[in-house]
Structures are given as structure tokens and as C-alpha cells.
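I opened a new notebook for this structure. These entries follow what I looked up, step by step.

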Amino acid sequence: MNFCATFNQSAIATSAFCKELFDRGLLVEQRLDLTLSHDNSRMTLTGFTIIDEKKFNELPDDVFLEWRKRGYLGLVYSHFISLSRWSILAELASERVLANKG
């Protein structure tokens, strides 16, 4: 029962965070074009949103401080770090394709 309560609290917190991002206009549609290294084939990923870093950096100080108190900053910065790792995702996809062929 404790797991269910914790899961529910996490879902509510995630929903509040996502609503805050949406309400502040920080989410933008994204498209990503990758080239797989094993055969130079191209892969396009669409239908997802990311946090606009420029808009995030323009948040008023009072909002930034409130987000720090709510624990949102770690989530945002983790997201930005994750975005910088797309090339690793492409390499892993190439390795998986090669492994499935062999």
C-alpha cells in the first residue's frame, strides 16, 4: 500500500511540473534527424517536446527561486543533460541493428 501512495504522490508531482512547463510556454515541439553509424542510414524522431533552454533562462527570478524550492531545477537540468546525449542514443541504435542482423 505504501508503494501505491508513493507512486500516486509522484504522479501528482510530475503532473504539476508538466503543467508548470506548459503554462509558462517552455515546451516546444522537436524533430531530430540521426544518422546511424553502421550503414549511414537516417532516422527521424518526431512527436515529442523539449524544454526551450532560452525561455527557461529568461524565467523571472521569483519563478526560478520557487522552482528551486519545489525541486524542479534538478529535473530541468537533467533534461538538458539528456538532450546533449542524442549521439549516444544513435550509436546504441546502430549497435542494436547490427546485433539483430547477426
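**Entry 1: terms first.** I call a residue buried when its relative accessible area is under 20%, and exposed when that value is over 50%. I also note at the start that this is a predicted model.

**Entry 2: a ring pair.** I took Phe17 and Trp67 first. By that cut-off, both Phe17 and Trp67 are buried. I then searched the whole structure for aromatic pairs and got ten. Phe17 and Trp67 form one of them, an edge-to-face pair with 6.4 Å centre to centre and 70 degrees between the planes. Where do the two rings sit? Phe17 is in helix α1 (residues 2-23) and Trp67 in helix α3 (residues 61-70), so the pair ties together parts that are 50 residues apart in sequence.

I followed Trp67 to another partner. The ring centres of Trp67 and Tyr72 are 5.7 Å apart and their planes stand at 75 degrees, so this pair is edge-to-face. Trp67 and Tyr72 are both buried.

Which residues do the ring pairs link into a cluster? I listed Phe17, Phe56, Phe64, Trp67, Tyr72, Tyr77 and Phe80.

**Entry 3: the cores.** I looked up the largest nonpolar core next. It has twelve residues: Phe17, Leu21, Leu26, Ile51, Phe56, Leu59, Val63, Trp67, Tyr72, Leu73, Val76 and Phe80. Helices α1, α3 and α4 (72-83) are the elements that give two or more residues to this core. Which element gives the most? The answer is α4, with four residues. Apart from this core lies another, of six residues, including Leu32, Leu34, Phe48 and Ala90.

Leaving aside neighbours within four places in sequence, Leu73 is in contact with Phe56, Phe64, Trp67 and Arg68.

**Entry 4: helix α1.** I compared its length with expectation. At 1.5 Å a residue, the 22 residues of α1 should span 32 Å, and the end C-alpha atoms are 31 Å apart, which agrees. Which residues of α1 are buried? I found Phe17, Glu20 and Leu21. Seen down the axis of α1, its buried residues fall within an arc of 100 degrees, so they line one face of the helix. The cover over the buried residues of α1 includes β1, β2, α3 and α4.

I turned to the other side. The face of α1 turned away from its buried side carries the exposed residues Phe7, Ile12, Lys19 and Phe22.

Phe22 is in helix α1. Is Phe22 buried or exposed? Its relative accessibility is 63%, over the 50% cut-off, so Phe22 counts as exposed. From C-alpha to C-alpha, Phe22 and Ile51 are 9.4 Å apart in space, while 29 residues separate them in sequence.

Just after α1, I noted that Gly25 takes a positive phi of about 70 degrees.

**Entry 5: the strands.** How many bridges join β1 to β2? I counted eight between strand β1 (residues 27-35) and strand β2 (residues 42-51), and the two run antiparallel. Leu32 has Leu45 in β2 as its bridge partner. Gln30 stands opposite Phe48 in β2.

I then went to the turn. The hairpin of β1 and β2 has six residues between the strands, and Asn40 there takes a positive phi near 60 degrees. Asn40 is a residue other than glycine, with that positive value. It is found in the loop between β1 and β2. With 57% relative accessibility, Asn40 is over the 50% cut-off and so counts as exposed.

**Entry 6: helix α4.** I ran the length check again. The twelve residues of α4 should span 16 Å at 1.5 Å a residue, and the end C-alpha atoms are 17 Å apart, which agrees. In α4 I found Tyr72, Leu73, Val76 and Phe80 buried. These residues cover an arc of only 100 degrees around the axis, which puts them on the same side of α4. What covers the buried residues of α4? I noted α1, β2, α2 (53-57) and α3 among the cover.

Note on methods: Residues are numbered from 1 along each chain as its sequence is written. This is a predicted model: local features need pLDDT of at least 70, side-chain atom pairs count only at pLDDT 80 or more; totals for chains, interfaces and linings use all residues. Side-chain values use heavy atoms; hydrogens and water are left out. Rings of Phe, Tyr and Trp (its six-membered ring) pair if their centres lie within 6.5 Å; planes under 30 degrees apart count as stacked, over 60 as edge-to-face and the rest as tilted. Buried means under 20% relative accessible area, exposed over 50%, partly exposed in between (1.4 Å probe, protein chains only). A nonpolar core is a set of buried Ala, Val, Leu, Ile, Met, Phe, Trp, Tyr and Cys residues joined through side-chain atoms within 4.5 Å. Contact means heavy atoms within 4.5 Å. Two strands pair if DSSP finds at least two bridges between them. The expected span of a helix is 1.5 Å times one less than its number of residues. The arc is that of the directions from the helix axis to the C-beta atoms.
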